[in-house]
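This report describes a protein chain through features computed from its atoms. The sequence and the structure are shown first.

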Amino acid sequence: MQDISSASKSGLGISKCFKKKVIKMPKETQGEYEKLQAEGAYQIGLDVPTITFNEVGKRGIRRIDGYEKASGAAVYTRDIQLPGMLYAKVLMSPHAHARITKMDTSKTEALPGVRSVIRYDDPAVKGRMLNGSSFCPEWVDPELAGWALKPIHPVLGDEAWYEGQPVGVVVTADSEDIAKRALRLAHVEWEELPFVLDQEDALKPEAPILRPGADDNRLQDPRQLIEKGDVEKGFAEADKIIEFSAKRNAHLWAGAEMPSVVVRWRGENLEMWVHSQQPYHQKMLISEWLNVSMDRITVNSLYQGCSFGGRGNCANSSENGMNILAALSAKRTARPVKLLYDRRETFFGESGDMMVGYFKVGAKNDGTITAVKMKNVFAVYMATPGVEHLIENTKIPNLLCEGVTVDVSKGPAWWCRCEQLPNVLCLTLIFDHVAAELGLDPTEVALKNDGYDGHDSGELSKYKRKHGFPDRDSLKECIDAGKEAIGWDEKWHPPGTRRLPNGKLHGMAFTWNHEWDDVRGTGSAAVMIENDGTVSIIGQQSDIGVNPWTAYCQIVADELGVPYTDVNIKPFSLDHGFALMSPDGSCNLCSNGNIVKNAAQKARKMLLELAAQKFEGVKPEDLDIKDSVIYVKSAPENTKTLKDVVVKAMPMNFACVYWSEPPVIGWAWHTQGLWGEALSTGRPHLCRQAHFIEVEVDTETGEVEVTKVVNVNDVGKAISPETIEGQQYGGTYMGTGRALTEEIIYDPVTGVILNGNLLDYKYATMLDCGPIDTIIKETGMGHGPYGTCGVGEDIATEIPGLIGPAVYNAIGKWIDDFPITPAKVLKALGKA
């Protein structure tokens, strides 16, 4: 166990439950935040439905995007073809750390079909850095504004800090093939510089300093020490002290569609098609960098071929940087330009959980955890410190977490495949190690420690009753359902004690958590009733494949009283001025669901006011609507169709006084809260999840086979049950890959990636898992619309850490080094 007691106590915390803060919201800003709560922009308490559910919760509903994707008709950013379009490619560094000493591009420029060459010494880019300031409010300390990112690099510099970094030159040509050939003709001489790949090695005095002018390789992060209670007091109260370490190696962000951007100038106006989860941020950043006002920029975000967060890091060179280079190349050539990466170039960054963790845990003999002390050392980026879920959903009173972020010669890491990965891994391993050391059933240890912010579940009950939620024990309900489905009471056994008839060792494991995140996110949208009686949701949102649009249409349909088939969404362009919250995390249904619900309610109010004018002697409150038919409540036979009521309500038409009624349109802006501020805004997470797994371990080969998984998620209210199940299925095999096979392998001699392709980098598929049981619980205790909360990310984040305890239960040896490969299993068994 490394000593973490002497850690500097500067930079504590991100929530009021921590002792100190570096970043503090000024009083006037905090006042505005509290005002939003008072005005109902976000609420504390159950959102009680005021409608009858006809479409919400219904199965068998056709996905909004289903036909286009299944038929191949869906258009992705990479599919865009514009008249006269050129293609751009950027030189990628072949070295882990190197500087260009000489570059000759004369042969590149002379190649027929080459239209533009921009070098690192071109005045347009020379010395200019990637920008990221648009991310941060003015009240954030400028020195900490980039704390979440690998140090910002030049847009096109002469020095590379990792293999695959865009550097040196960008070429624009008539075709992608010509651009590639032109790059190969560039003569580049490199000075190779010292590099370091391991974060702990990078902290050693003899390690090369990677950033010019820096004293060491540590990166600033205000979350570097989080402390709650008194851990030494907690250890003194414990019956047992458990110490262990764990490691998570680099894995890729897993995008199916490779990065690309298309840019076209129309005079002084810029139009972009981006492959991004954050298109509005892309607009802000390129506006700032090019000094082009935002009103002159149009951003389109079409279907996105997955990204799992990897296309959400707006300030790195692979996203914001490629947009800038494409825009400059399009300006130079006066033609549209598509800049794109190939598959090998896509292997440029990792998830934000490349970490080595050291843990010390105190526990009573009954499983009550009295204290946790951890030190997590991260490479490049700390997605989350590792302790936050212990704060947000346990009663553990004494916590100390030191998070150290270290620059190494690897690409930019980000929240890809969920920022909660470190928090989840730490919670799972802590609870399962405690249960194993004490010889207890891990489900009982979970129930013993459930709570929030050091309070037990009794305090959660008080909160529920005060704010109108059902007082149900979500964790127990999830555990009971999962235990029954997997046969836990019949199958669970002490470690290493059950050999199957096929000769393999059987293992089982369990983990749990709260559902995140139902208390953050901000956006806006409009709901417009067209004059034929159909309904449009107007609000840009990037597609990442999780089927949110169907759920939004279900909500709007029920709020308006129209069939789901009469509702559609227009999500691809920012030009209409409305932007639903970007799909980053599991909070989108809670935030965007409230947005479209509120907008639909406003549109309904306008509709009934208009309809009342067309009935005799009725007021708007005398009317209701069902199946697109408006009727008088006291005389249901007195009806008018929705189309008849709105036929004259149009936003525009040719000069004809007949069309004189205003359109029926409701707009809503909503904030569900700030990231990481659940407890400080008085809203603890109430819904829980539980996951169970069975494995078989071949002691001769070291192979681990996942034979059964049971996922139980309390989603509060299931808006679209099949969408939830899609996350439960897909998350299972994605998590299985991250636990067993996925790892970016670096050559220790050169620092380059050795498996930068989809043959050698092993994703799991549905064939790599046994049966998957999906169980949905609906307690109505989410902070989202109708008591819902999100489920996206959860399963794919929970499963990776869960397989480690399952292997321990099978072989009786801990392997806390992920991924758990056959070689590591054989080593643990003493056979390697």
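## Overall architecture

The model is predicted. Its secondary structure comprises 21 helices and 30 strands. The protein has 832 residues, of which 61% count as buried.

Contacts between residues at least 6 apart in sequence join, in 80% of cases, residues at least 24 apart. The accessible surface amounts to about 31,000 Å², and carbon and sulfur atoms contribute 51% of that area.

## Cysteines

The structure contains zero disulfides. For Cys-587, the closest cysteine sulfur belongs to Cys-590; the two sulfur atoms are 7.6 Å apart, too far for a bond, because a disulfide requires sulfur atoms within 2.5 Å.

Cys-587 has a relative accessibility of 0% and therefore counts as buried. Cys-418, with a value of 2%, likewise counts as buried; the cut-off for this class is under 20%.

## The second largest pocket

The second largest pocket has a volume of about 360 Å³. Its lining consists of 18 residues, and those closest to the centre are Ile-51, Thr-52, Asp-558, Arg-604 and Ile-625.

Sorted by class, the lining of the second largest pocket holds seven charged, six nonpolar and five polar residues.

## Cis peptide bonds

Trp-516 and Asp-517 are joined by a cis peptide bond, with omega about -5°. Asp-517 belongs to the loop between β19 (505–514) and β20 (521–529).

A cis peptide bond also links Phe-818 to Pro-819, with omega about 5°. Pro-819 is located in the loop between β30 (817–818) and α21 (822–828).

## Positive phi values

Asn-291, a residue other than glycine, has a positive phi near 60°. The loop between α7 (279–290) and β12 (297–300) contains Asn-291. With a relative accessibility of 71%, Asn-291 counts as exposed, since exposed residues are those over 50%.

Glu-793, also a residue other than glycine, has a positive phi near 80°. This residue, Glu-793, occupies the loop between β29 (772–777) and α20 (794–811).

Glu-444 is part of helix α12 (residues 442–449). At 43% relative accessibility, Glu-444 counts as partly exposed.

Key: Residues numbered from 1 in each chain as written. Predicted model: local features only at pLDDT ≥ 70, side-chain atom pairs only at ≥ 80, totals over all residues. Heavy atoms only, no water. Helix = DSSP H or I, 4+ residues; strand = E, 2+ residues; numbered from the N terminus. Buried < 20%, exposed > 50% of the residue type's maximum accessible area, 1.4 Å probe, protein only. Contact = heavy atoms within 4.5 Å. Areas by Shrake-Rupley, 256 points an atom, 1.4 Å probe, with all protein chains shown as cover. 1 Å grid on protein atoms, 1.4 Å probe; cavity = no way out; pocket = protein on both sides within 12 Å on 5 of 7 lines; lining within 4 Å. Points joined across faces, edges and corners; volume = space filled by probe spheres on them. Nonpolar A, V, L, I, M, F, W, Y, C, P; charged D, E, K, R; others polar.
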